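This report describes one protein chain, part by part. Please keep the sequence and the 3D view open while reading.

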Amino acid sequence: MNFFWLFLLAFAAEPAADRWTGFLGGAGVSLDAGTLPLRWSPTENQPWTVDLPGFGQSTPVIFGDQAYVTSVEGPKKDRLIVTAVALTDGTRRWSASFSTSDPVANGTFVSRAAPTPVVDNRGVYCFFESGDVVALSRSGETLWRSSLSEKYGRFTNDYGLAASPVQTADAVIVLADHPKGPSYLIALAKADGSVLWKADRTSRGSWTSPRLLPIAGTPTVVCSSAGTVDGYDPATGALNWSHAGVGGNRICSPTLTAGGLILIGAQTSREFADTEAVKKSNVALRIVKQDAAWSTSVAWRTEEFSPGMASPVAHAGHAYWINRQGAVGCFREETGELVYKGRVAQSPWATPLGVGDRLYVFGKDGLTTVLAAGDKFQVLAENRLWDPDSVKPDQSIIDRETDPRRKAGAAMHALPEVMGVAAVNGTLLVRTGSKLHCLRNDPKP
């Protein structure tokens, strides 16, 4: 293995306790459960809450003493916003705003700042569903900007785009899958936004995010999306391997187990109603490299559990699937043996967080269930982020819809919803569309 590959692998796998560098932690995190709160309430262990400009569905990212969040605002998602927040006390240190290169009506049924940015020691790199990629220094200066929609065509997913980028030491890698236009995986140089490589893909519609994972000892960009699971070389964009015959893998992102299996989540939807195909597609994949040849196979599958919005989770020797009704299926990570079935009070949209002897399940409507990691279904705590009686529906969300069916659907989303979480030792951040909540054992900044 040459120096480049050693460096890239080290960058992809290096755990850290003071940073959460991308979607689902990015380059790996090393957290101590004892530093994170087990219990909280609207008035306890919640030292600060900050209002964010606009609205966003992305997860915050953290580097050092600063968190970064993205949002959009305006009737056509006219403004793209990046905000930096002090981790200590929630002070908004700066916000940067940019005009969109692809105005689209701002409503409940399209993504709104759904992709999570990535951050490193040089800057924060933000991808918006308009196709705009913006790089800023960690103090807020614009480094460069690029519009993928202007270069390669508008994105055509009916509900927008949600794929979060991944990063290497020198590149930001973006997945753009959409059904009516060109789909591709593209690497942009962190230095200036220039295109390092572009890998064309079959047109498809999905909202999954790629992951940069060490597969069979090789850094790999893994894309689980609308029919296939594909592994790309992050240095060149070459397709190393592909596993076909997967149905309904349009929302969940791939997860790596400690033993090197890839967990794939699939579910039925309006776009994919084939229940039988979905049953066969909630799998753990084994990827093998022998000499220069790659092979893929199904190590095990669960036909009983399909996830909701949250991706399957691997933690402490167990794999977890949580469905739309909050039913939990816990399996042996390497064999797929069912360990237990349980149920949490609220189904998560954000992917659960496994830390030490705990699994945090962040319910969509603000109730977090903390489960004991292990062979027994045990609820350690149930914590409300806000008092349900203190929040009122946002009538503007309902009023902007004219179709009766959409108006009824919008009413379901008029209250706050937990979109994403980030964690470093001592701090949990929970993001709703317009707020960022900080949770700590010590309630004082």
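## A strand and its neighbours

In β28, the residue that forms a bridge with G354 is L359. The model is predicted: local features need pLDDT of at least 70, side-chain atom pairs count only at pLDDT 80 or more, and totals for chains, interfaces and linings use all residues. Residues are numbered from 1 along each chain as its sequence is written, and side-chain values use heavy atoms, with hydrogens and water left out. Helices (H or I, at least four residues) and strands (E, at least two) are DSSP runs, numbered from the N terminus.

Strand β27 (residues 353–355) runs antiparallel to β28, and three bridges join them. Two strands count as paired if DSSP finds at least two bridges between them. β27 and β28 make a hairpin with two residues between them, and G356 in the turn has a positive phi of about 55°. β28 also pairs with strand β29 (residues 367–372), again in the antiparallel sense, over five bridges. In β29, L371 stands opposite L359. This second pair is a hairpin with four residues between β28 and β29, where G366 in the turn has a positive phi of about 95°.

## How covered β28 is

Strand β28 covers residues 358–362, and five of its five residues are buried. Buried means under 20% relative accessible area, exposed over 50%, and partly exposed in between (1.4 Å probe, protein chains only). One side of β28 carries R358, Y360 and F362, the other L359 and V361, and all are buried.

## Two loop residues

Is T335 buried or exposed? T335 counts as exposed because its relative accessibility is 52%. T335 lies in the loop between β25 (327–332) and β26 (338–343). The side chain of T335 reaches the backbone nitrogen of E337 at 3.2 Å. This is a polar contact, meaning a pair of N or O atoms within 3.5 Å; within protein, one must be able to donate a hydrogen and the other to accept it, and residues adjacent in sequence count only if both atoms are side-chain atoms.

N157 sits in the loop between α2 (148–152) and β11 (166–167). N157 is buried, with a relative accessible area of 10%. A polar atom of the N157 side chain lies 3.3 Å from the backbone oxygen of D177, and the N157 side chain also reaches the backbone oxygen of S206 at 3.1 Å.

## The second largest pocket

The second largest pocket is lined by 29 residues, of which F55, D394, L415, P416 and S434 lie nearest its centre. β4 (66–73), α4 (395–399) and β33 (435–439) are the elements that give two or more residues to this lining. On a 1 Å grid over the protein atoms alone, a pocket is an open set of points with protein on both sides within 12 Å along at least five of seven lines, and lining residues have an atom within 4 Å of a point.

## The whole chain

The protein chain has five helices and 33 strands. Its radius of gyration is 20 Å, close to the 22 Å that the globule rule gives for 445 residues, so the chain is as compact as a globular protein of that length. The radius is taken over C-alpha atoms, and the rule is 2.2 Å times the number of residues to the power 0.38. The C-alpha trace spans about 60 × 50 × 50 Å along its principal axes. Of the 445 residues in the chain, 58% are buried.

Notes
On a 1 Å grid over the protein atoms alone, a cavity is a set of points where a 1.4 Å probe fits but cannot get out, and a pocket is an open set with protein on both sides within 12 Å along at least five of seven lines; lining residues have an atom within 4 Å of a point.
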